[in-house]
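Dear colleague,

My notes on it follow directly after.

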Amino acid sequence: MQVQGRRSGNPELKSIQADSFGYGFVWSPNRHLTFRADYYNISIDDEVRDLSLDFILRNENECRQGRSELSAEACADFIGRVDRTPANSPVPNAITLIRTNPVNISTEEVSGISAGATFRWGGGNWGNYVLDFEWNKTLEHDVRQFPDDPELDYLRDGFWSSEFQ
């Protein structure tokens, strides 16, 4: 089965707005060893992102089945992005065209903790060596696609999650 796709620009895009803050510390008990830890929090409004075909089709299906928690505005948008053959055609409701374009995501928030340690040794004829250990724990990754939609937990919800904690 072959499906045609159409991607276009979006003249209605707005500039993104982002706020971030973080705090942390660095401790070096001697010249060979350094420890560091940071907390970060990033909030983005009107983020620009392409809607993937999978994302469009999953949401279009959930809206058509009446199982979606998305707003009526969002469901109308997803259903309008997918053209299907008529119900009385030889292949009823087959996808004929999917439209995608970049859109402003209303909000996205990511927060987490990162930590690391560096050990340095050597010198002289054998060179200098550095051993780094890095660790990150994402605490929160929430996205709201449209203003009236519920907040999606991109970190913990298996339907949406595409990242490691």
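**Notes on the model**

Just after helix 1, Gly 66 takes a positive phi of about 75°. This is a predicted model, in which local features need pLDDT of at least 70 and side-chain atom pairs count only at pLDDT 80 or more, while totals for chains, interfaces and linings use all residues. Residues are numbered from 1 along each chain as its sequence is written, and side-chain values use heavy atoms, with hydrogens and water left out.

**Helix 1**

Helices (H or I, at least four residues) and strands (E, at least two) are DSSP runs, numbered from the N terminus. Helix 1 covers residues 53-65; at 1.5 Å a residue, its 13 residues should span 18 Å, and its end C-alpha atoms are 18 Å apart, which agrees. The expected span is 1.5 Å times one less than the number of residues.

Three strands form an open sheet in the order 1-5-4, with mixed pairing. Its edge strands are strand 1 (4-7) and strand 4, each of which pairs on one side only. Two strands pair if DSSP finds at least two bridges between them. Strand 4 and strand 5 pair in the antiparallel sense over three bridges, and Arg 84 stands opposite Ile 95 in strand 5.

**Aromatic pairs**

Rings of Phe, Tyr and Trp (its six-membered ring) pair if their centres lie within 6.5 Å; planes under 30 degrees apart count as stacked, over 60 as edge-to-face and the rest as tilted. By this rule the count comes to six aromatic pairs. One of them, Trp 27 with Phe 35, is stacked, at 5.7 Å centre to centre and 20° between the planes; Phe 35 is partly exposed, at 30% relative accessibility. Phe 119 and Trp 121 also form a stacked pair, with 5.3 Å centre to centre and 25° between the planes. Phe 119 is partly exposed at 38%, and Trp 121 is partly exposed at 37%.

Yours sincerely

Key. Buried < 20%, exposed > 50% of the residue type's maximum accessible area, 1.4 Å probe, protein only.
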